[in-house]
Amino acid sequence: DELLDHFGDEEEHLFPELAKLVPAASKELDELQQGHDALCGLAVRIAVSAETAPNQLDALMERLEAGYRQHARREVEVLRATLGKLDATTRKALLARLR
């Protein structure tokens with residue numbers, strides 16, 4: 001649930017704000033959102049498998065762990081690069097809006 005909430009916050013608040021401020025980053029932000037979709041799909045499969053196919057649980061958890069690790073690295077790269085294109089005043093204003 002926390003993972004899904006985290007992704008939802010990024011997709012509903014952070015990514016749209018960044019796309020407005022740095023339109024050139026829109027494609028990469030969309031790709032991050034697509035990564036969320038894939039990871040959410042795995043999370044749902046894990047939840048279902050816990051009750052219906054527990055023998056698949058370990059393999060699914062390993063896929064989620066590897067996928068999330070790769071996604072998180074990419075997300076850090078994209079967010080650093082995108083935020084780096086903003087001046088300090090704009091970054092501060094963005095942070096205030098997101099709070």
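Is R74 buried, exposed or partly exposed? R74 is partly exposed, at a relative accessible area of 31%, where buried stands for under 20% relative accessible area, exposed for over 50%, and partly exposed for what lies in between (1.4 Å probe, protein chains only). The model is predicted, so that local features need pLDDT of at least 70 and side-chain atom pairs count only at pLDDT 80 or more, whereas totals for chains, interfaces and linings use all residues. Residues are numbered from 1 along each chain as its sequence is written, and side-chain values use heavy atoms, with hydrogens and water left out.

**View 1. Overall fold of the protein chain.** The protein chain has four helices and zero strands, helices (H or I, at least four residues) and strands (E, at least two) being DSSP runs numbered from the N terminus. Along the sequence the pattern reads α-α-α-α, and the radius of gyration of the protein chain is 16 Å, well over the 13 Å that the globule rule gives for 99 residues, so the chain is more spread out than a compact globule. The radius is taken over C-alpha atoms, and the globule rule is 2.2 Å times the number of residues to the power 0.38. Taken along the principal axes, the C-alpha atoms fill a box of roughly 50 × 20 × 15 Å. Buried residues make up 26% of the 99 residues, and the accessible surface comes to about 6800 Å², of which 52% belongs to carbon and sulfur atoms; these areas come from the Shrake-Rupley method with a 1.4 Å probe, and for residues only the protein chains shown count as cover. Among contacts (heavy atoms within 4.5 Å) with a separation of 6 or more, 66% are accounted for by residues 24 or more positions apart.

**View 2. Helix α2 and its buried residues.** Helix α2 has 27 residues and reaches 39 Å from its first C-alpha to its last, close to the 39 Å expected at 1.5 Å a residue, the expected span being 1.5 Å times one less than the number of residues. The buried residues of α2 are L29, L32, H36, L39, L42, I46 and S49, and they pack against α1 and α3.

**View 3. Helix α3 and what covers it.** With 28 residues, helix α3 reaches 39 Å from its first C-alpha to its last, close to the 40 Å expected at 1.5 Å a residue. Its buried residues are L60, L64, H71, E75, V78, L79 and T82, and what covers them includes α1 (2-21) and α2.

**View 4. The aromatic pair of F7 and Y68.** A search of the whole structure finds one aromatic pair, for which rings of Phe, Tyr and Trp (its six-membered ring) must have centres within 6.5 Å, planes under 30 degrees apart counting as stacked, over 60 as edge-to-face and the rest as tilted. F7 and Y68 form this pair, which is tilted, with 6.5 Å centre to centre and 35 degrees between the planes. Because F7 lies in helix α1 and Y68 in helix α3, the pair ties together parts that are 61 residues apart in sequence. F7 is buried, with a relative accessible area of 1%, whereas Y68 is partly exposed, with a relative accessible area of 33%.

View 5. Side chains of opposite charge can pair when their charged atoms come close. A salt bridge is here a side-chain nitrogen of Lys or Arg within 4 Å of a carboxyl oxygen of Asp or Glu, and by this rule the count comes to five. The side chains of R74 and E28 meet in one of them (2.9 Å, N to O), which links distant parts of the chain, with R74 in helix α3 (residues 57-84) and E28 in helix α2 (residues 26-52), 46 residues apart. E28 is partly exposed, with a relative accessible area of 29%. R74 also forms a salt bridge with E77 (3.1 Å, N to O); these two residues both lie in helix α3, three residues apart, about one turn of the helix. E77 is partly exposed, at a relative accessible area of 47%.

**View 6. The salt bridge of E65 and R69.** The closest N and O atoms of the E65 and R69 salt bridge are 2.8 Å apart, and both residues lie in helix α3, four residues apart, about one turn of the helix. E65 counts as partly exposed at 48% relative accessibility, and R69 likewise counts as partly exposed at 38%.
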